[in-house]
Amino acid sequence: MTDDHGKFCWYELLTTDTAAAEAFYRKVMGWNAKDAGMPDMCYTILSVGETGIGGLMALPEACLAEGKRPGWIGYVAVDDVDASTVQAVKAGGKVLMEPQDIPNIGRFSLIADPQGAVLTLFKATHGPETPPLPPAMGTPGFAAWRELYADDWESAFAFYAGLFGWAKGEAMDMGPMGTYQIYGRGAVNGCGEEMYGGMMNKPPMIPAPFWQYYFAAEDIDAAKGRVEAAGGQVIHGPAEVPGGMWVINVLDPQGAVFGLVGPRR
């Protein structure tokens, strides 16, 4: 495996109103937004300064017809998209979009894990798959945590460990809510080379397994105020998490779920 294999490298929002979503995230996150200049589709690059962190596009009509809702999808870098796609299927996953090329950008496929949570596998055409690292962990605007709500987090972890080489970090007992398992790369005794996020069994009110992405905020209360002023809905929090940080879970105005994490000043 290369150094990039198994790293989250991009985040993509599919939504029903791209102009409104762009305005919302500009206000809440302070992201810049510019058209990617693709000849056959409208795709907006979201960035912190000059560093791209994700993309924004319209939810395809076919997805709307199937009842799909706006949401964020994470991209994970792999050494070989085709080989990893085959491996995912052999491990019980499902291919939602077969491997294909984005001219001058890279190759990707869209998969669902055996429990239905969706990710994109990606290999860049040129250079490293992962963007430059932010100045420090928790730098505002950048992705800070990736959380999987699963039917059975233990079997989900086994799937992703085999596919990406992820390792277990600390496991936290959450009482009636079960275990919260931190994962990353090279994690040993709760301390690893790089922590990516956590996994847990989803609570009953969540209808299906999915990935939720948290972006760093400079102050969680100020961020909460921006969410509400821009027309979003805080559905949970602020709640304190280990390390002295606070999180909120948010619905954007089109209904996409995401999270924010930051200190309380």
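**Reading the sheet**

Q: What is the bridge partner of I45 in strand 4?
A: I45 has G55 as its bridge partner there. Keep in mind that this is a predicted model.

Q: How do you know that strand 3 and strand 4 pair?
A: Pairing takes at least two bridges, and strand 3 and strand 4 (residues 51-58) have five, in the antiparallel sense. Therefore they count as paired.

Q: What makes strand 3 and strand 4 a hairpin, and what is the phi of G49?
A: Two residues sit between the strands, and G49 in that turn has a positive phi of about 65 degrees.

Q: How do you know that strand 2 pairs with strand 3?
A: Set the cut-off of at least two bridges against the four that join strand 2 (residues 32-35) to strand 3, running antiparallel. So that's a pair too. One example is A33, whose bridge partner in strand 3 is L46.

Q: Why is strand 3 called largely enclosed?
A: Buried means under 20% relative accessible area. Four of the five residues of strand 3 (residues 44-48) are buried, so the rest of the structure largely encloses it.

Q: In what order do the eight strands of the open sheet come?
A: The order is 2-3-4-1-5-8-7-6, with mixed pairing.

Q: Why are strand 2 and strand 6 called edge strands?
A: Strand 2 and strand 6 (94-102) each pair on one side only.

Q: How many bridges join strand 6 to strand 7?
A: Six, with strand 7 (residues 106-112) running antiparallel to strand 6. In strand 7, A112 is the bridge partner of K94.

How values were computed: Residues numbered from 1 in each chain as written. Predicted model: local features only at pLDDT ≥ 70, side-chain atom pairs only at ≥ 80, totals over all residues. Heavy atoms only, no water. Buried < 20%, exposed > 50% of the residue type's maximum accessible area, 1.4 Å probe, protein only.
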